[in-house]
Amino acid sequence: MTTTARLTKPARELLARHFGGPDGAYRLVAGLALLGTVCAQHPQPSFSRVVKLDVFSTLFPNWRFFAPTPAQHDLQFYCRTLNEAGETSEWEPVEVIAGRRAHQVVWFPGRRAEKAVFDLGTEVMRHLDKGFQVARGLPGYRMLTAWFRAEIERTGATDVKGFQFTLVRNAGYDDSEEPEIIFVSPYTPMRTPAPPAATESAPVAESEHA
């Protein structure tokens, strides 16, 4: 039994009159899907109510061109190290984005790693209002710490005892706006402390009952 056959006679007549015969139900569904897709692209928050009807996010695709609200600031990481003699280096900028080459227009898998570092910094920023203790417990913060540790090891420095990094937000080429320090990490040792070794408890002898 088809979909139109299950409809009542007035409904079939309405579909036949406005949507062109027995296929009107399919045209109606297609029209509603098109309307929902258009609403999903609209920047106004009031249209988000239509998108919420798509519980599994499969009916209404989102084809907005990249970010609907483009970023207006750049994020810059800085890092300083502490050597075995107790001397602290100057804050040095960490160049996350390397220079571009012509062949990277076609093949550039390293771009994902660069974007991942900034995404981790953004994740920490979103939780700073809950306190830095909460933010530093995030997986993103631990991954950032591991990335800085790996970058320092990649330089070949052998006398680095620990490091500290900070995230700064600036306006890029706009020098009229002062940079803003988002957060400064505490001192982080280069070698993560090993967990305490589990001690084996001595077996308890069973008592003999008389």
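Let's start with Cys79, which is buried at a relative accessible area of 9%; buried here means under 20% relative accessible area, exposed means over 50%, and partly exposed is anything in between, using a 1.4 Å probe and protein chains only. Another cysteine, Cys39, is buried too, with a relative accessible area of 11%. As for disulfides, the structure holds 0, a disulfide being a pair of cysteine sulfur atoms within 2.5 Å.

Before going further, a word on what you are looking at. This is a predicted model, where local features need pLDDT of at least 70, side-chain atom pairs count only at pLDDT 80 or more, and totals for chains, interfaces and linings use all residues. Residues are numbered from 1 along each chain as its sequence is written, and side-chain values use heavy atoms, with hydrogens and water left out.

Now for the overall layout. The protein has 7 helices and 5 strands; these are DSSP runs numbered from the N terminus, with helices being H or I of at least four residues and strands being E of at least two. Along the sequence, the pattern reads α-α-α-α-β-β-α-α-α-β-β-β. Of the 210 residues in the protein, 23% are buried.

Back to Cys79, then, and the strands. Its bridge partner in β2 is Glu92. Strand β1 (residues 74-83) and strand β2 (residues 92-94) run antiparallel, paired over 3 bridges; two strands pair if DSSP finds at least two bridges between them.

How covered is β3? It is mostly covered, with 9 of its 11 residues buried.

Next, helix α7. It takes in residues 139-154, and its 16 residues should span 22 Å at 1.5 Å a residue, which agrees with its end C-alpha atoms being 22 Å apart; the expected span is 1.5 Å times one less than the number of residues. Which residues of α7 are buried? They are Gly140, Tyr141, Leu144, Thr145, Phe148, Arg149 and Ile152. Just after α7, Gly156 takes a positive phi of about 90 degrees.

Helix α7 also turns up in a pocket. The second largest pocket has a volume of about 150 Å³, and its lining is made of Arg136, Tyr141, Arg142, Thr145, Pro186, Tyr187, Thr188 and Pro189. The elements giving two or more residues to this lining are α7 and β5 (188-189), and the largest share, 3 residues, comes from α7. Some terms are needed here. On a 1 Å grid over the protein atoms alone, a pocket is an open set of points where a 1.4 Å probe fits, with protein on both sides within 12 Å along at least five of seven lines, and lining residues have an atom within 4 Å of a point. Grid points are joined across faces, edges and corners, and the volume is the space filled by probe spheres set on the points. By class, the lining has 4 nonpolar, 2 polar and 2 charged residues, where Ala, Val, Leu, Ile, Met, Phe, Trp, Tyr, Cys and Pro count as nonpolar, Asp, Glu, Lys and Arg as charged, and the others, Gly among them, as polar.

Ala40 sits in helix α3 (residues 24-41) and counts as buried, at 4% relative accessibility. Pro61 lies in the loop between α4 (48-51) and β1, and is partly exposed, with a relative accessible area of 29%. The C-alpha atoms of Ala40 and Pro61 are separated by 7.1 Å, though the two are 21 residues apart along the chain. Leu53 is in the loop between α4 and β1 as well, and counts as exposed at 66% relative accessibility.
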